Every structure is written in C-alpha cells, then in structure tokens.
Amino acid sequence: MPHHELMARLPVVLGTDHLPLAELCAARLDGELFAIDHGWAPVDEPDLPAFRAMVVSLRAPRSLIIERMSAAWVHGALDAPPTVAQFCVPLDARIAVIDRPRTLVREVRIDDDDDIVRFGDLRCTSPVRTAFDLLRDPSLDEGVVVGAVAALHVERPSLATTLRERLDAAVRMPHKAAARRRLELAESERRPARDRAQPSLTR
C-alpha cells in the first residue's frame, strides 16, 4: 500500500501504537508529520481544541477527563502542553489505578452536563470548570494560573462573573480567599487578543 494511503487511514494524532517510532521519525524528516507532546500529527492539521484533546489523550485511556493545566492548553490558554498531563474521574467512577509516567489522575465532584465539553469520544473540563479548578489549586504556580485564566477570559467576556458567582456559592471550600485573589489578578492582566502573542506549535 502506498505510504500516503496508509497515512490517510490512520488517526490524526499518531503514537507508537499506530506506527513504529522509526517510521514516525522518517515521516517527520520527510515533512509529513511534526512531533507534539507524545504524538505526531500532519503538518497541515489545524490547531483547534479537538486536535489538542487528541494529543493529550495519547497519555491515558479515553475514559478519563482532561483537566486543569492540560485542559487549559486544550482551550488555547497555554502555548504548550504541560509536562505532566492532568486527568480526572468522577468520585463514583469505577476505574482502576492508572500508573503512567508524567500523568496525574484524581477523583473529583463534577457535573457531566455543565462541567464537561466533548470532542467526539474525548472529554475535557469546560473553560469555566477549568478556570475554577486552576484558581483553587494551591499546588500550581500562581503566575501560571493567573496567566492561564486571563487567557481563557479574553474570548469569554462573562467568565469572571461566572467564576465569581461560583466561588460565592461554594460552601466551606478550601483556598477560597486565594482563589478570589487569583481571579482579581487574572482580570487585571486580561487584555485584548490582538495584544497577546498567539499560541504556536513547533512543526
């Protein structure tokens, strides 16, 4: 079978489960593919959220939900995927422990209708839920969180209001004051999209 016909039959984002590493590297040298995170993709593939979700999904089974910094990258708030991919599952989910390098999975309370967006069979936290999780996570660098939430806010003018209402409604939520402060910083940092450097991928 000709090489271009084989490539047409494969998923958009490839891993070593799809083709041998040597063949993937050869296609990169030929200018057909570029490397991104743990995968390879066609050089002309549009850089859209669905594409980024496919890239992240190579790190773990598709039953997981992409969240926090990984979700921020999917939604265009970061220039590159985080070194450690972050996923979550609902508290009532029955899923075996996943032990993969550079991958974190946690159990959370999450609303499947309001908090999750779907890209085909892939799931990712919504921009609102992503920002909400980032704001109240003390393990994440504050400057990175503020920048990511500000970037999410640029294309979503009502985001800050929605987040403030959600924080107000939260009862006995740890790190609530810190989350409010981060949100205020993100609002002050927000600026028009034309003034921000646009995310780019190394191809």
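# Exercises on a predicted model

Two bridges join strand S3 (residues 65-66) to S7, and these two strands run parallel; strands are DSSP runs of E with at least two residues, helices are DSSP runs of H or I with at least four, and both are numbered from the N terminus, while two strands pair if DSSP finds at least two bridges between them. The model is predicted, so local features need pLDDT of at least 70 and side-chain atom pairs count only at pLDDT 80 or more, whereas totals for chains, interfaces and linings use all residues. Residues are numbered from 1 along each chain as its sequence is written, and side-chain values use heavy atoms, with hydrogens and water left out.

## Exercise 1

Work out which strands pair with S7 and whether its faces are buried or exposed.

Solution. Turn next to strand S6 (residues 116-119), which is joined to S7 by four bridges and runs antiparallel to it, with Ile 116 opposite Thr 125. Two residues lie between the strands of this S6 and S7 hairpin, and Gly 120 there takes a positive phi near 65°. Finally, inspect the faces of S7 (residues 122-125): Leu 122 and Cys 124 on one side, and Arg 123 and Thr 125 on the other, are all buried, where buried means under 20% relative accessible area, exposed over 50% and partly exposed in between (1.4 Å probe, protein chains only).

## Exercise 2

Determine how the buried residues of helix H7 (residues 159-169) are arranged, and which helices they pack against.

Solution. First list the buried residues, which are Leu 159, Ala 160, Leu 163 and Leu 167. Because they cover an arc of only 90° around the axis, they lie on the same side of H7, the arc being that of the directions from the helix axis to the C-beta atoms. On the other side of H7, Glu 165 and Ala 169 are exposed. The buried residues pack against helix H5 (127-135), helix H6 (142-154) and helix H8 (176-189), with contact meaning heavy atoms within 4.5 Å.

## Exercise 3

Find which residues touch the most other members of the largest nonpolar core.

Solution. A nonpolar core is a set of buried Ala, Val, Leu, Ile, Met, Phe, Trp, Tyr and Cys residues joined through side-chain atoms within 4.5 Å. Of the 44 residues in the largest one, Ile 66, Leu 134, Val 149 and Leu 163 touch the most other members, and H6 gives the most to this core, with seven residues. Apart from it lies another core of six residues, including Leu 14 and Trp 40.
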